[in-house]
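Here are my notes for you on this one, point by point. Keep the structure open while you read.

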Amino acid sequence: MALTATAELLTDASRRGAGLAAFNVLHLETAEGIVAAAEAGGFPVVLQLSENAVKYHGALEPIALACIDIAHAAAAPVAVHLDHAESEELALRAVELGFGSVMFDGAALDYRDNVAATARVMRRAHAAGVAVEAELGRIGGKDGAHAPGVRTDPGEAARFAAETGIDALAVAVGSSHQMAERTAALDLDLIARLHAAVPVPLVLHGSSGVPDDLIAAAIRAGMTKINVSTQLNRHFTAAVREYLRAHPDTVDSRRYLAAGRDALRAEAQRLGGLIAGV
Ligand code: G3H
Ligand code: ZN
């Protein structure tokens with residue numbers, strides 16, 4: 001229970017052939033809703049803060065320390081992870097703050113530079129007992145690595161894992177970030193080949209666009225960490241919109257933020273249960 005090492009949750013889920021829900025924190029209400037969902041649903045969860053979320057808050061420490069504190073007090077196993085860090089400096093600050101894992105996203109770099117930068121972060125993170133997730137392959141902008149047409153090659157992924165010593169690998173198998181509709185098609189055969197070739201847990205990014213049955217099939221084929229942000233955000237925002245529509249005179253922001261948090265909690269509980277198989 002409480003704050004748990006990401007490596008422990010990854011290893012446990014991967015051994016059981018289950019998924020590990022990794023939900024993005026945008027602000028305090030998201031973290032509270034996600035942890036309440038994990039407690040009620042009886043599953044472990046990863047609270048993840050992206051470099052973009054850190055930029056939104058203007059600093060890592062306040063929101064990160066809040067997440068770590070919420071994880072400590074949780075009645076479910078909760079890990080805290082830095083998501084999509086392109087800045088090595090930010091990744092190292094998260095290591096120092098006590099995160100359980102960091103994702104160093106060197107996907108925009110060419111293969112050699114990605115290996116070198118990931119290995120640099122790895123050395124410092126592992127010395128502190130912090131796990132590292134990396135990403136391989138990148139074409140185009142933020143959307144590129146997980147755009148429907150982009151794929152991770154199993155042979156290159158195996159070589160990348162061996163050369164860096166990473167703990168988890170984000171792979172491109174058909175999903176795409178920030179999809180508002182759940183219509184993505186995943187390459188299940190490729191997931192199975194990546195799972196056979198790569199000795200560390202695989203990470204599915206952009207899972208909001210993946211329908212429920214395909215998330216379950218992807219886990220059966222070998223995916224472990226399932227990253228979701230947009231889908232929870234959609235439920236949060238729809239509830240806020242509805243609350244303000246029904247109560248146009250509202251002044252106290254806690255009223256509509258609570259409505260958003262409740263809706264997010266319900267969807268996180270439903271999706272987290274599906275991912276964890278509980
Ligand atoms: O790293 C975070 C995830 O890949 C979230 O993607 O917003 O499309 O669910 P999503
Ligand atoms: Zn992602």
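1. Start with the zinc ion (ligand 2): along the sequence, its donor residues follow the spacing H-x92-H-x27-H. Bear in mind as you look that this is a predicted model.

2. Which atoms do the donating? They are NE2 of His84, NE2 of His177 and ND1 of His205, and these protein donors lie 2.0 to 2.1 Å from the zinc ion. Two of them tie distant parts of the chain together: His84 belongs to strand β4, while His205 is in the loop between β8 (202-204) and α9 (212-221), 121 residues apart.

3. Now move over to ligand 1, where His205 turns up again. An N or O atom in the His205 side chain is 3.1 Å from an oxygen atom of ligand 1. Thr230 has a polar side-chain atom 2.5 Å from an oxygen of this ligand, and for Asn227 the corresponding distance is 3.3 Å. On its own, ligand 1 would expose 310 Å², and the protein buries 96% of that.

4. Who else is around ligand 1? There are 14 residues around it, and those coming nearest are Asp83, Gln178, Gly206, Ser208 and Thr230. Sorted by type, the shell has twelve polar residues, one nonpolar and one charged. Strands β4 (77-85) and β9 (223-228) each contribute at least two residues to that shell.

Methods: Residues are numbered from 1 along each chain as its sequence is written. Chains are lettered from A and ligands numbered from 1 in the order in which they are written. This is a predicted model: local features need pLDDT of at least 70, side-chain atom pairs count only at pLDDT 80 or more; totals for chains, interfaces and linings use all residues. Side-chain values use heavy atoms; hydrogens and water are left out. A residue is near a molecule or strand if one of its heavy atoms lies within 4 Å of it. A polar contact is a pair of N or O atoms within 3.5 Å; within protein, one must be able to donate a hydrogen and the other to accept it, and residues adjacent in sequence count only if both atoms are side-chain atoms. Accessible areas come from the Shrake-Rupley method with a 1.4 Å probe; for residues, only the protein chains shown count as cover. Helices (H or I, at least four residues) and strands (E, at least two) are DSSP runs, numbered from the N terminus. Ala, Val, Leu, Ile, Met, Phe, Trp, Tyr, Cys and Pro count as nonpolar, Asp, Glu, Lys and Arg as charged, and the others, Gly among them, as polar. Donors are N, O and S atoms within 2.8 Å of the metal (3.2 Å for Na, K and Ca); water is not among the atoms, so sites may look incomplete.
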